[in-house]
Amino acid sequence: MPSNLAIPTGSSSPRRALSTAALSVGFALTGTGTVLLGVLLPIFAQKWGLRDDSAGLLLFLQFSGSSLGAIFSGLKRIRSMAVGYGLMAASAFNLIFTHSHTPFAVFFFFGLGLGMAMTSTSLLFSDRWGDERAAKLEWLNFVWSLGASSCPLIALPFVRHEDTHLVFLLIFVLSLLLLAWVVVVERQQMPTVAPLATNTARRPLGLVFILLAIWAMCVVGVESALSGWLTTYSHRNGMPSLAGSTLATSVFWLGEMLSRLAFSTPLLKKIGRQPVLIWGVWGFTASAFILITAPHPWMIVPAACLAGIFTGPLYPLLLSLMLERSARGWFFAVAGLGSAIFPWFTGLISAHRGSLRLGLLVPCAAGLAMLILGGLVFKPERRAEG
């Protein structure tokens, strides 16, 4: 490919800044698209007569599609991104005209497009930024959280009128615009290589990969389980209106957005990745237990916000650790398994035990698992260094 078509490598390049802005908008759209099904789930459940296990299957199909999208995102970042936005546009177009049946297959392909767009964008940022990878991925996931936290507000008018067609029309138009941008403007470039992180370089590489991948699977799983079920959970626990029930989902993603914004600054270098990861897991686990034991519906909202704040920086930091060692999409796919399985299990438990509160024990259990994984990854290293 001709070198004059590539995005310049200088961080102050106007073309690179414009590319970063456009791709950030696209990443925000994928955040909105990921959360949208959970926000609209009570409407779909009523319209199509879905039990919690069937509603959980919708979430499973979207997130399993997203996980497969990570696998299909190869070394051709731009091509994968274009295919992803194309699938999003085609799926949204189909959902505009869906009336009388449950579009299970369409949500799978919508998730497939989301996964390809998200993974290829993350890998492209990793290629470009090298030793600034961790902070830039925090930024990228901040704008994703911005899109996710804005989703309930964008969908609010349609939730009130129980009409979802205009929401998917908006997704369709924006996906087409981003597809055009990627095809016309963006170009592939060689990755910038960063040195291995010193705090895990001495560990067996295979073990680090396995532990961090399982950890990331838990993080993505709890994000998806909470964002997918918080609106329904708030509504069933006494929130006065369905529109008000979306508030818990919105503040969850708002909390994630604020914490990711904070750690996209030099604050991350001052504190260090390890303390942020460990304290983030402790904070999330405590917040999740407060969430499921809340005696009043309005206590769900601050607990959801705290869960988002503590969860926010975890995935980007784990991602930066992995991308220092492998610039392929398999890690996104492994992490994405959690986003498919955890919301589905939540719905299964809720349907069979008759309580969504019991179903939300799934993300709580994942929080405990992350505490164990944090100890396995970091504690032996501290003893060895001492």
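1. Overall burial. Of the protein's 386 residues, 59% count as buried. Buried means under 20% relative accessible area, exposed means over 50%, and partly exposed lies in between, with a 1.4 Å probe and protein chains only. This is a predicted model, in which local features need pLDDT of at least 70 and side-chain atom pairs count only at pLDDT 80 or more, while totals for chains, interfaces and linings use all residues. Residues are numbered from 1 along each chain as its sequence is written, and side-chain values use heavy atoms, with hydrogens and water left out.

2. Secondary structure and contacts. The protein has 15 helices and zero strands. Helices (H or I, at least four residues) and strands (E, at least two) are DSSP runs, numbered from the N terminus. Contact means heavy atoms within 4.5 Å. Among contacts in the protein with a separation of 6 or more, 85% come from residues 24 or more positions apart.

3. Salt bridges. Side chains of opposite charge can pair when their charged atoms come close. A salt bridge here is a side-chain nitrogen of Lys or Arg within 4 Å of a carboxyl oxygen of Asp or Glu. The count comes to four salt bridges.

4. Aspartate 52 and arginine 236. These side chains meet in a salt bridge, with N to O at 2.6 Å. Aspartate 52 lies in helix α2 (residues 52-72) and arginine 236 in helix α7 (residues 205-236), so the pair ties together parts that are 184 residues apart in sequence. Arginine 236 counts as partly exposed, at 47%.

5. Serine 350 beside that pair. Serine 350 is found in helix α13 (residues 330-353). Its relative accessible area is 3%, so serine 350 is buried. Serine 350 touches Asp52, Arg236, Ser355, Leu356 and Gly359, not counting residues up to four places away in sequence. Serine 350 and aspartate 52 are 298 residues apart in sequence, yet 6.5 Å apart in space, C-alpha to C-alpha.

6. Arginine 260 and glutamate 223. Arginine 260 forms a salt bridge with glutamate 223, and the closest N and O atoms are 3.0 Å apart. The pair links distant parts of the chain: arginine 260 sits in helix α8 (residues 242-262) and glutamate 223 in helix α7, 37 residues apart. Arginine 260 is buried, at 1% relative accessible area. Glutamate 223 is buried too, at 6%.

7. Arginine 260 and glutamate 256. Arginine 260 also forms a salt bridge with glutamate 256, the closest N and O atoms being 3.3 Å apart. Arginine 260 and glutamate 256 are four residues apart in helix α8, so about one helical turn separates them. Salt bridges that share partners join Glu223, Glu256 and Arg260 into one network. Glutamate 256 is buried, with a relative accessible area of 0%. Glutamate 256 touches Ser145, Glu223, Gly308, Ile309, Thr311 and Gly312, not counting residues up to four places away in sequence.

8. Nonpolar core. A nonpolar core is a set of buried Ala, Val, Leu, Ile, Met, Phe, Trp, Tyr and Cys residues joined through side-chain atoms within 4.5 Å. The largest one has 109 residues, and Trp215 and Leu230 have the most contacts inside it. Helix α7 gives the most to this core, with 15 residues. Which residues does tryptophan 215 touch? Leaving out residues up to four places away in sequence, they are Leu277, Ile278, Val281, Leu318, Met370, Leu373, Gly374, Val377 and Phe378.

9. Helices α1 and α6. Helix α1 (residues 14-48) and helix α6 (residues 165-184) pack at an angle of about 155°, with axes 11 Å apart. Axes are lines fitted to C-alpha atoms, for helices over the stretch in contact, and angles run from 0 to 180 degrees between N-to-C directions. That makes α1 roughly antiparallel to α6. Angles under 35 degrees count as roughly parallel, over 145 as roughly antiparallel, 65 to 115 as roughly perpendicular and the rest as oblique. Residues of α1 including Leu18, Gly26, Leu36 and Phe44 meet residues of α6 including Val167, Ile171, Leu178 and Trp181.

10. Helices α3 and α4. The axes of helix α3 (residues 77-96) and helix α4 (residues 104-129) come within 7 Å and cross at roughly 150°. The two helices are therefore roughly antiparallel to each other.
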